[in-house]
Amino acid sequence: MATAQLMADEVLRGRTTLAYADTVVTDAENDVSAVQTAFDTRQPPDATSITLRDEFDNVLQDAVTAAQDLRIAVRRDDAHAIRDGLDEAAKAVAQLQRYSR
Amino acid sequence: MKRLLNLTLGVMTAIGGFVDIGNLVTSGITGARFGMSLAWALLLGTAGMTLYGEMAGRVTAVSRRPIFHVVRERLGVRTAMVNLVASLLLNVLTLAAEIGGVGLALALASSINYILWVPIIGFLVWFFIWKVPFAVIERVFGLLGLALMVFVVALFHLHTHWHALASGIVNPVVPSGEGHPTWWFYAISLIGAALVPYQVFFFSSGGIEEKWSVEHLGEMRANALIGFPLGGLLSLAIMAAAVPVLQPRSIGVNHLGEVGLPVIAALGKVGLIIMLLGFFAATFAAAVESAMSSGYITAQYLGWSWGKQVRPSQAPRFHVVCLITVLLGTAFMLTTVDPVKVTLVSVVLGAAAIPLTFFPILVVANDRRLMGKHANGRIVNALGFAFFVVIVAVSVATLPLLFITKAGQ
């Protein structure tokens, strides 16, 4: 997610080409999506773990959605949508950090 | 004047030609993840490459024979066969990684998926080997590879804490949260990226293509002793540029695009365009060199006519081996395997196999019957032997670390 955020920032500052930004943000989105897919394949051992897995899966889904929105905004070169996407991504990162502690 | 020009071009070519996808990826990954704590591995690998590159070049210039020819003659057909097979397999893997690297560079420039570029790149690699003169390949791409100096410029434009960088180099410690096996795995990957066997064979065979003799020892030494270390510094700059930009944001390098983020942050679009040119030149040159290296060593082992100083019709088997290598490397990349993972595996396996290449060089460079007064002196021998012990240790540790860390995860 941090990669997508940094790249989107550079797009807003006009310091990168759209082709480069598109490739980097798409790769970042694929990476987040791969993490969610890998996480979903894990078998929770008990009921508490199932609850935790469902909670964290929602957080991961928010991160995937944020990455998708950023990718779409970057491809459209839509500054307003990129700013919205960055806000969304910041919230997703904050949630992920909360669970990683 | 012409010799001075050749010398300058040779040194610049060595700088630009030293860096390939292995250096780009491993330097970027380690800088982002471990700061400068693994700079020692890069410096060690570069020192070893310089030492053994000079030995290989000296053997070539004095004996007027390529290193693989001499290896077969001095160490016997069977030992050389082991070296040949290992080197050919590694060349295919390295070539696949380089083709993937060119594809990733073109994808970053065009946003067209790298896999669509792979067949075109494979064709272009073969075309350059078939049609373009050796000196043009070596110099044009070597010089274009110098575009990667943009990382050095970026380092000065970023808010770089020089004292912290220097401290990381001098006092290497495993960062908190990272395991020792992973840290050592990446140390080996950096050493492996600096010691790619194809570079030794290409350097030596290139000497024959350029008709090196004892009179060219000075030129050869300048290429090895200035070019390789400065190329190593370029890799160090890529690693260092990742520290102020990627490490504080916990950005890991999983793709080539992330390696370039520090340059964009520092220099914007102009830096980006120069960097992409450097990425393309470094990886494309390495793709051509690794494919040609397969042709060189096979032809030298089997006693065939080889090289680009003769027409393709006079060295058909050399060109067939190059073509087969290109086809295998291209086909491997078309399986959609991740180019960055292929790169990591190829540099680590290269580190495991490097004693097979360096041991014969050390033996032959000591052979006074062949080398006369140009045989290794005591200091070079001591350094060569000490480094050989290191690479044997690296070779032994490589595969266990590869499996224990799941390739550095």
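Read from one end of its sequence to the other, chain A of this predicted model follows the pattern α-α-α-α, its secondary structure coming to four helices and zero strands. Along the principal axes, the C-alpha atoms of chain A fill a box of roughly 50 × 20 × 20 Å. Of the 101 residues in chain A, 34% are buried, and among the contacts in this chain with a separation of 6 or more, 67% are made by residues 24 or more positions apart.

Chain A also touches chain B, in a contact that takes 14 residues from chain A and 18 residues from chain B. On the side of chain B that touches chain A, the elements giving two or more residues are α5 (77-110), α13 (256-259) and α14 of chain B, with α14(B) providing the largest share, six residues. This side of chain B divides into eight nonpolar, seven polar and three charged residues.

Helix α14 of chain B (residues 261-302) also packs within its own chain, where its axis and that of helix α8 (residues 150-157) of chain B come within 9 Å and cross at roughly 175°. Because angles over 145 degrees count as roughly antiparallel, α8(B) is roughly antiparallel to α14(B). From α8(B), the residues Val150(B), Phe151(B), Val153(B), Ala154(B) and His157(B) take part, and they meet Pro262(B), Val263(B), Ala266(B), Leu267(B), Gly271(B), Ile274(B), Met275(B) and Gly278(B) in α14(B). The residues of this contact between α8(B) and α14(B) comprise 10 nonpolar, three polar and no charged, whereas the side of chain B that touches chain A includes three charged residues.

Note on methods: Residues numbered from 1 in each chain as written. Chains lettered and ligands numbered in written order. Predicted model: local features only at pLDDT ≥ 70, side-chain atom pairs only at ≥ 80, totals over all residues. Axes fitted to C-alpha atoms, helices over the stretch in contact; angles between N-to-C directions. Parallel < 35°, antiparallel > 145°, perpendicular 65-115°, else oblique. Contact = placed C-beta atoms within 7 Å. Nonpolar A, V, L, I, M, F, W, Y, C, P; charged D, E, K, R; others polar. Buried ≥ 20, exposed ≤ 12 C-beta atoms within 10 Å, placed from the backbone.
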